[in-house]
Amino acid sequence: MRVRVFLRQPLFTLPGQEHVPTQAAILEGVLGESTSLGANVQVERCYDERGRDVASKPCRLVIPAAKIDHVQVLE
């Protein structure tokens, strides 16, 4: 299922890490099976709080429920 995940706050990253950019507030991708750790998302695109595309590499993340504001189902 394709989803757009709106974050309450940016994900934690360290300099030099291959994570989502620190300015990303919206993640778009494919929702996998969720676990007790959070939502499993194959992230394809990232956007900032104004909806502008943020350059990033695709990655798979388990996003804790506390970080998620809401999720929009795209298809």
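## Glu44 and its partner

At 34% relative accessibility, E44 counts as partly exposed (buried means under 20% relative accessible area, exposed over 50%, and partly exposed in between, with a 1.4 Å probe and protein chains only). E44 forms a salt bridge with R2, and their closest N and O atoms are 2.7 Å apart; the term stands for a side-chain nitrogen of Lys or Arg within 4 Å of a carboxyl oxygen of Asp or Glu. This pair links distant parts of the chain, with R2 in strand β1 (residues 2-7) and E44 in strand β3 (residues 39-47), 42 residues apart. Strands (E, at least two residues) are DSSP runs, as are helices (H or I, at least four), numbered from the N terminus. R2 is partly exposed too, at 21% relative accessibility.

## How the model was read

Please keep in mind that this is a predicted model, where local features need pLDDT of at least 70, side-chain atom pairs count only at pLDDT 80 or more, and totals for chains, interfaces and linings use all residues. Residues are numbered from 1 along each chain as its sequence is written, and side-chain values use heavy atoms, leaving out hydrogens and water.

## A linked network

R4 forms a salt bridge with E28, with 2.8 Å between the closest N and O atoms. Because R4 lies in strand β1 and E28 in strand β2 (residues 26-31), the pair ties together parts 24 residues apart in sequence. R4 is partly exposed at 24%, whereas E28 is buried at 9%. Together, R2, R4, E28 and E44 are linked in a network of salt bridges.

## Another pair

The whole structure holds 6 salt bridges. One of them joins D48 and R52, whose closest N and O atoms are 2.8 Å apart. Here D48 is buried at 8% relative accessibility, while R52 is partly exposed at 47%.
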